[in-house]
Amino acid sequence: MRAVLVGPPGAGKGTQAQILASELSIPKVSTGDIFRANVSGGTELGKKAREYMDRGDLVPDEVTNAMVKDRLAQDDAAVGFLLDGFPRNVPQAETLKGMLADLKTHLDVVLELRVDEDEVVKRLSGRRSCPECGRVYHVEYDAPKSEGACDHEGAALYQREDDREETIRHRLKVYREQTAPLVEFYEREGLLATIAATGSVDAVTARAKAAIE
Ligand code: ADP
Ligand code: ADP
Ligand code: ADP
């Protein structure tokens, strides 16, 4: 399966991508995770991406598209993939379509996670992430077994720089202006499946599976 998850920051894309990718035995490709790993590793890519990420703006398309092209060319992505956080605007979606056409393939489904902005702000302000494995938690809604530590690696959880209130507001504006038009784009392509991303993580997973099968 070749699938994309779309939804505002905090909709639960990373949470669901992790669960679905493991159940479907396909790699999860999260552009945000790859950028953050490169920022913390101090790579050239990380240096190019950092200022945009800290402001809550999109990293320029040429940088992002080249990174995704490399990632999808890796062997594990030949069986399929679940994209989390890419594409983020219509030009990226056009580029993805071209990349897949070059590989003689295409997307199977785009899953839209719908949730209102008040809920998103609550989710993002309580989000905590594992620096080792990228697993995300929430201080209230999805707490780790031991406070402040990742369940399977024990690493100290951290709060993302861009999960501060002002940056959250800006990211939501970027979503409305640049990413939301993808919903119509994929509807026209006949690929869109939309679900409510509210309720428990398990309830959302069940809806997601029913929608993409
Ligand atoms: P998986 O979920 O299969 O482990 P990821 O896409 O999360 O795959 O990649 C794992 C790690 O490998 C990332 O966190 C990142 O550090 C690195 N990585 C993967 N692809 C790239 C890339 N194209 N450019 C730079 N680093 C990458
Ligand atoms: P969220 O979990 O809030 O949806 P991500 O982890 O997907 O956020 O992305 C964090 C940041 O990484 C974005 O605000 C942006 O700066 C950058 N980024 C991630 N994916 C893309 C993309 N497809 N295009 C441009 N920038 C991206
Ligand atoms: P995204 O990748 O779309 O930005 P995340 O998967 O990182 O979203 O989730 C954002 C925050 O919301 C995290 O703290 C996560 O633990 C929490 N979360 C995810 N799904 C749910 C849910 N169904 N109910 C409540 N909180 C959730």
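Colleague: What does Ser129 touch, not counting residues up to four places away in sequence?
Modeller: Arg135, Val136, Leu157, Tyr158 and Arg160 are what Ser129 touches under that condition. Bear in mind that this is a predicted model.

Colleague: Where is the place of Ser129?
Modeller: Strand β5, residues 127-129, holds Ser129.

Colleague: Does Ser129 count as buried or exposed, and why?
Modeller: Ser129 counts as buried because its relative accessibility is 5%, and buried means under 20%.

Colleague: On to ligand 3. How many residues surround it, and which are the closest?
Modeller: Ligand 3 is surrounded by 19 residues, and Gly10, Lys13, Thr15, Arg127 and Tyr137 are the closest.

Colleague: How does the shell around ligand 3 split by class?
Modeller: The shell has eight nonpolar, seven polar and four charged residues.

Colleague: Now the largest nonpolar core. Which residues touch the most other members?
Modeller: Leu82, Leu111, Leu113 and Ile195 do, in a core of 23 residues. Elements that give two or more residues to this core include β1 (2-6), β4 (109-114) and β7 (192-196).

Colleague: What is Leu111 in contact with, leaving aside neighbours within four places in sequence?
Modeller: Leu111 is in contact with Val4, Leu5, Val6, Ala193, Ile195, Ala208, Ala211 and Ile212. Another core, of 20 residues, lies apart from the largest one, and Val29, Ala77, Tyr175 and Leu182 are among its members.

Colleague: Backbone next. What joins Phe86 and Pro87?
Modeller: A cis peptide bond, with omega about -10°. Pro87 is found in the loop between β3 (81-84) and α5 (90-102).

Colleague: And what is phi for Ser25 and Lys104?
Modeller: Phi is near 55° for Ser25, a positive value in a residue other than glycine. Lys104 is not a glycine either, and its phi is about 60°.

Colleague: Buried or exposed, for Ser25 and Lys104?
Modeller: Ser25 counts as exposed at 58% relative accessibility, and Lys104 counts as exposed at 77%.

Terms used: Residues numbered from 1 in each chain as written. Chains lettered and ligands numbered in written order. Predicted model: local features only at pLDDT ≥ 70, side-chain atom pairs only at ≥ 80, totals over all residues. Heavy atoms only, no water. Near = heavy atom within 4 Å. Nonpolar A, V, L, I, M, F, W, Y, C, P; charged D, E, K, R; others polar. Core = buried A, V, L, I, M, F, W, Y, C linked by side-chain atoms within 4.5 Å. Buried < 20%, exposed > 50% of the residue type's maximum accessible area, 1.4 Å probe, protein only. Helix = DSSP H or I, 4+ residues; strand = E, 2+ residues; numbered from the N terminus. Contact = heavy atoms within 4.5 Å.
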